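Visitor: Hello! Could you walk me through this structure, one question at a time?

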Amino acid sequence: MNVATPHAVSAESVDMRELVSYAEAPALQDGRTDNAGMTLTWENGDSGRFPWMWLRDHCACSACRHALTRERLFLPLEDVTRPREARVENGNLNVTWEDGHESLFDGGWLQQRRPGVEPAPTLPHPRPWPADFTPRRVDHTAFVGTVEGERSWLEALLRDGLVLLEKGPLADEEVSRLATRIGPLRATNFGARFDVQSKPNPNNAAYTAIGLALHSDLPNWRQPPDIQLLYCLENDAEGGESQFADGYQVAEVLRQEDPEAFRLLSETPIDFRFQDEEQDIAVRAPILTCNAEGRVVDVRFNNWIRDTLRLPAETIDAWYRAYRRFWHLLHDPRHQIAFSLAPGEMVAFDNRRVLHGRGAFDPNSGRRHLQGTYLDRDMLESRLRVLARQP
């Protein structure tokens with residue numbers, strides 16, 4: 001190992017937006033080089049193997065990363081050979097390449113990015129609802145005024161798929177103001193922001209007073225909205241209680257109790273379609289979508305806009321049996337929670353996971369007015385990462 005004069009890591013050698021946790025990282029102690037790369041070890045016993053190509057590609061100097069945006073400028077189009085020199089000093093790694101280019105790496109940055117090692121989770125994992133699930137409630141003042149309040153709301157929504165905001169103002173467009181703290185509103189054929197109230201000549205069941213069975217919104221879109229926000233401005237009509245069920249949790253119950261029904265609903269694409277005089281939006285997809293590990297990651301469930309069932313005749317009866325089984329599990333009181341939204345309260349939920357509905361209400365007994373919008377999950381995760389960088 002070559003020894004040189006100690007030096008500090010410069011701002012351009014590491015993205016300063018990511019320094020929040022490096023102070024707690026173990027110190028880089030030593031490194032061994034060979035023709036293919038370098039093996040580094042840290043004081044806590046961690047080790048990592050870094051190919052030379054990886055190190056050259058991740059150089060963070062101003063010639064390899066844009067000084068302001070920190071976006072990569074270097075193109076890894078040619079193999080790199082063993083550098084002239086590579087040394088560990090003051091817990092950092094300095095590499096001098098054959099062409100004279102120098103790369104300086106923060107030891108904590110390298111420890112967190114060891115090839116082949118998954119990073120520590122920074123976002124909450126979805127957690128199925130327990131039998132006694134009660135949604136987190138966050139005060140409006142805490143959400144808009146403190147990092148802790150906003151973080152608590154975001155973490156609950158990503159973890160549980162549902163969270164409540166309470167004690168908010170009775171102000172038109174408050175749902176839009178709250179949403180834009182997180183990111184841009186997700187516009188659909190119903191607009192960027194919509195009013196949920198009984199209206200004449202409705203083009204959607206939500207704009208009537210009838211009861212709405214559990215469903216997800218807009219499963220007829222290739223990319224349905226991720227997150228829905230519903231802010232209550234008025235609710236003195238009789239009825240209209242909000243209902244919710246955790247589609248992830250119920251799908252797992254279905255998998256355990258009726259594996260064949262689960263298989264049919266997760267492997268059989270069906271048609272969803274919304275039509276009115278101006279729009280005709282359709283897609284074919286299964287009711288349950290699983291990731292590579294077999295975990296359910298998407299629930300499309302909306303009986304109103306299921307289109308013609310275009311399945312082979314010999315599979316239709318089995319599919320309907322599976323559908324009925326999932327329907328009854330979702331609507332089993334054991335798997336539901338219900339509550340009435342009060343004026344100034346907002347419910348937010350994961351539309352790709354949590355099914356929502358409402359009881360019928362009597363529009364002649366009082367007014368019921370909710371304002372809603374959608375957000376992309378990417379924006380929630382982004383906002384939580386930004387908040388994590390704040391003290």
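Predicted model: local features only at pLDDT ≥ 70, side-chain atom pairs only at ≥ 80, totals over all residues.

Visitor: How many residues of the contact of H7 with H8 are nonpolar?
Guide: From H7 come Ala 261, Leu 264 and Leu 265, and they meet Ala 318, Trp 319, Ala 322, Tyr 323 and Phe 326 of H8. No polar and no charged residues take part, and the number of nonpolar ones is 8.

Visitor: Are the rings of Phe 301 and Tyr 323 stacked or tilted?
Guide: Phe 301 sits in the loop between strand E17 and H8, while Tyr 323 belongs to helix H8, so the pair ties together parts 22 residues apart in sequence. Both residues are buried. Their ring centres are 5.4 Å apart, and planes under 30 degrees apart count as stacked. With the planes at 25°, the pair is therefore stacked.

Visitor: Which residues form one aromatic cluster with Phe 301 and Tyr 323?
Guide: Pairs of aromatic rings come to a count of 17 in this model. The cluster that holds Phe 301 and Tyr 323 also has Trp 319, Tyr 320, Phe 326 and Trp 327.

Visitor: How far apart in sequence are the parts that Phe 194 and Tyr 374 tie together?
Guide: The ring centres of Phe 194 and Tyr 374 are 5.2 Å apart with planes at 40°, so this pair is tilted. Phe 194 is buried at 6% relative accessible area, and Tyr 374 is buried at 2%. Because Phe 194 lies in strand E9 and Tyr 374 in strand E22, the parts they tie together are apart in sequence by 180 residues.

Visitor: Is Met 346 buried or exposed?
Guide: Met 346 is found in strand E19, residues 346–350. Beyond its neighbours within four places in sequence, its contacts include Trp 153, Val 163, Leu 229 and Tyr 231. Its relative accessible area is 1%, and under 20% is the cut-off, so Met 346 is buried.

Visitor: What distance separates the C-alpha atoms of Met 346 and Tyr 231?
Guide: Along the chain, Met 346 and Tyr 231 are 115 residues apart.

Technical notes:
Residues numbered from 1 in each chain as written. Heavy atoms only, no water. Contact = heavy atoms within 4.5 Å. Helix = DSSP H or I, 4+ residues; strand = E, 2+ residues; numbered from the N terminus. Nonpolar A, V, L, I, M, F, W, Y, C, P; charged D, E, K, R; others polar. Phe/Tyr/Trp six-rings, centres within 6.5 Å; stacked < 30°, edge-to-face > 60°. Buried < 20%, exposed > 50% of the residue type's maximum accessible area, 1.4 Å probe, protein only.
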